[in-house]
Amino acid sequence: MATATEPEPRLRGDSAVDPRDNARGAKVREMFAAISGRYDLLNRVISGGRDMAWRRKAVRLAQVKAGDRVLDVCCGTGDFALMFAAHNPAPAGVTGLDFTPEMLRLARAKGEKLGAPVPWVAGDALRLPFADACFDVISVGYGVRNFQDLDAGLVELARVLKPGGRLVVLECTPARGLIGKCANFYINRVVPWVGNALSKSPQKAYSYLADSIAVFPGAAELARRMTRAGFREVTFCKLNLGTMAIHVGVR
Ligand SMILES: C[S@@+](CC[C@H](N)C(=O)[O-])C[C@H]1O[C@@H](n2cnc3c(N)ncnc32)[C@H](O)[C@@H]1O
């Protein structure tokens with residue numbers, strides 16, 4: 001929400017999915033289903049080939065120990081989960097969860113090709129199909145911005161983490177200042193133009209990307225909301241000229 005000092009963000013408004021709609025879950029799923037085949041390619045293109053390095057940094061910050069049980073929520077096509085699966089020291093198990101079957105199919109195919117024994121589970125991050133306190137590490141890459149209820153989603157992640165377990169959130173963050181202006185030009189103009197064309201997204205998924213970043217809480221606010229959801233020692237570092245952040249919190 002905008003404050004007295006921060007004007008309401010101007011949205012493109014040309015996506016079929018409104019990031020302020022707090023009942024948008026089904027529309028988000030349809031949107032990701034439609035772009036699933038081009039999702040990885042678009043990640044590489046719009047990040048200038050940097051997206052895997054950002055995930056690798058998040059994996060390092062997760063400080064996985066031998067025998068940890070890891071859950072990757074909003075796993076998409078599986079890149080983040082598969083990095084955890086290849087981690088040294090090896091976790092006891094890595095599970096990927098997503099609510100878009102088309103994304104999970106691609107993740108499963110990648111996992112099989114790499115021989116990674118990752119169970120790919122269909123489920124909603126807001127109602128995780130797991131018992132309380134059963135994971136040591138949870139990661140969410142570019143997922144929490146899509147939760148139709150961010151606070152409820154963070155509480156649900158806290159529920160399935162063991163006490164002392166770590167949540168790592170890699171997410172885009174609204175950028176400010178001069179760099180913010182350049183980043184906003186890139187995100188609001190270039191990315192939708194390239195992304196919508198290459199993905200042929202009927203919902204204009206890459207306009208949704210720009211708009212959902214614009215309305216998403218800044219990094220300090222996300223840290224406060226993680227704390228309110230039950231995490232302690234919440235820290236964050238910014239990446240890519242302040243346009244992205246990795247938050248870490250302890251349950
Ligand atoms: C931008 S993609 C990120 C994929 C992957 N984590 C990555 O790093 O590339 C967002 C993913 O979150 C999934 N998603 C969004 N909201 C979800 C929810 N409430 N429950 C489960 N999955 C969700 C979408 O289906 C999509 O695959």
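## Burial and overall form

Of the 251 residues in the protein, 43% are buried, where buried is the term for a residue that has 20 or more other C-beta atoms, placed from the backbone, within 10 Å of its own. The structure is a predicted model, in which local features need pLDDT of at least 70 and side-chain atom pairs count only at pLDDT 80 or more, while totals for chains, interfaces and linings use all residues. Residues are numbered from 1 along each chain as its sequence is written.

The radius of gyration, taken over C-alpha atoms, is 17 Å, which agrees with the value near 18 Å that a compact globule of 251 residues would have; the globule rule is 2.2 Å times the number of residues to the power 0.38.

Leaving aside residues up to four places away in sequence, V168 touches A58, L61, A62, S139, I246 and V248, a contact being a pair of residues whose C-beta atoms, placed from the backbone, lie within 7 Å.

## Around the ligand

The ligand is surrounded by 21 residues, of which C74, G76, T100, A125 and G141 are the closest; a residue is near a molecule if its C-beta atom, placed from the backbone, lies within 6 Å of it. The largest share of this shell, four residues, comes from α1, a helix being a DSSP run of H or I with at least four residues, numbered from the N terminus.

How values were computed
Helices (H or I, at least four residues) and strands (E, at least two) are DSSP runs, numbered from the N terminus. A residue is buried if 20 or more other C-beta atoms lie within 10 Å of its own, exposed if 12 or fewer, and partly exposed in between; C-beta atoms are placed from the backbone. Two residues are in contact if their C-beta atoms, placed from the backbone, lie within 7 Å.
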